[in-house]
Amino acid sequence: MSFSVQLLKWWDDHGRKDLPWQHPRSAYRVWVSEIMLQQTQVKTVIPYFDRFIERFPDIQTLAEASNDEVMANWSGLGYYARARNLLKTANICVESSGAGLPMTPEALAALPGIGESTANAIYSQAYDKPAVILDGNVKRVLTRYFAVEGWPGKSSIHRLLWNKAEQLLPKKRGADFSQAIMDLGATICTRSRPACELCPVSGECQAFNNGTVEKYPASRPRIKISKKSFQMLILTNDEDKVLLERRPPAGIWGGLWSLPADDTGQPVQQRLGINSNALQSLPNMSHQLTHIHMTIQPFIGHTEPGATGVECGPEQRWFARHEWPGLGLPKPVRQLLELHLENSRK
Ligand code: SF4
């Protein structure tokens, strides 16, 4: 029996068929789920997906939304470039065709935030076509099944896996097959202690038959973590509002509202024309991103905009407390506001 026949047979009995993007299965819903799933696990994505779809039920509604609204509904999921790309893609699709997403993998892959594998995942899931997908779960299954050496994130290994995955595709049931191979990776061929005894393709799995499952997939080469220290200012006014600035579109927390910071170079007090003697220093806060260890040195102060010359530019605004939950604030900014402004009220 071929790989696909064995896998589909297993999936019919054991696969996941109740994921929210499967009912109903539309290109729009599959696309949103695939983008959310790019760096996040299924169980984390589900509540975000439900909330996002409730607020933006179709691509037209999403295209009409503001950047802030989309960010607010993404807040907490991280990797915010994904949300910005969703909005950009919605605008491109609605403006160019007035309708939905394109129907070929090539046209899908040309849109912001949709790579080759995500394009195929959408194509396969939304239109029930056989197509190669290579998310983390699938890569793990394939490196073990074919005993492929080398880190799957490396482009030559990725290409090798892609070619091997093409050999396994069925002629029909494209959507089920894509879901089945992802499910196999997520539930049986897991990162640690895979349940090989329950695996439908163990008979042909090279790593299993050689007793070398632990060897695959090869680990990612160690990434270099850089360190970054910068100041952040919590500035309130007499209306009990706090000053926030929109971050530049590219770079850390691109496009999000944040407390004024000096990580772009100029000291923040100097940039805003504030007397630093009036500011109180707060304990440092650490925050870890994938490649960066941050040390944030917060300051707090109180001012009246007119009296101190803090003029708000287009990317600066005073926000009331009840507005914070509606903004896509970076995690340490939200923590600083909650910690220090909540305390200051008591
Ligand atoms: S036999 Fe084990 S290692 Fe091989 S594909 Fe199945 S679960 Fe993965």
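1. Both α9 (136–145) and α11 (174–188) supply at least two residues each to the lining of the largest cavity, and α9 gives the most, with three residues. Helices here are DSSP runs of H or I of at least four residues and strands are runs of E of at least two, numbered from the N terminus.

2. The model is predicted, so local features need pLDDT of at least 70 and side-chain atom pairs count only at pLDDT 80 or more, while totals for chains, interfaces and linings use all residues. Residues are numbered from 1 along each chain as its sequence is written, and side-chain values use heavy atoms, with hydrogens and water left out.

3. The largest cavity has a volume of about 110 Å³ and is lined by 15 residues, of which Arg-144, Cys-189, Cys-196, Cys-199 and Cys-205 lie nearest its centre. A cavity is a set of points on a 1 Å grid over the protein atoms alone where a 1.4 Å probe fits but cannot get out, and lining residues have an atom within 4 Å of a point; grid points are joined across faces, edges and corners, and the volume is the space filled by probe spheres set on the points.

4. The secondary structure of the chain comes to 15 helices and seven strands, and its C-alpha trace spans about 80 × 45 × 35 Å along the principal axes.

5. Of the 346 residues of the chain, 51% count as buried (under 20% relative accessible area, 1.4 Å probe, protein chains only).

Key:
Buried means under 20% relative accessible area, exposed over 50%, partly exposed in between (1.4 Å probe, protein chains only). On a 1 Å grid over the protein atoms alone, a cavity is a set of points where a 1.4 Å probe fits but cannot get out, and a pocket is an open set with protein on both sides within 12 Å along at least five of seven lines; lining residues have an atom within 4 Å of a point.
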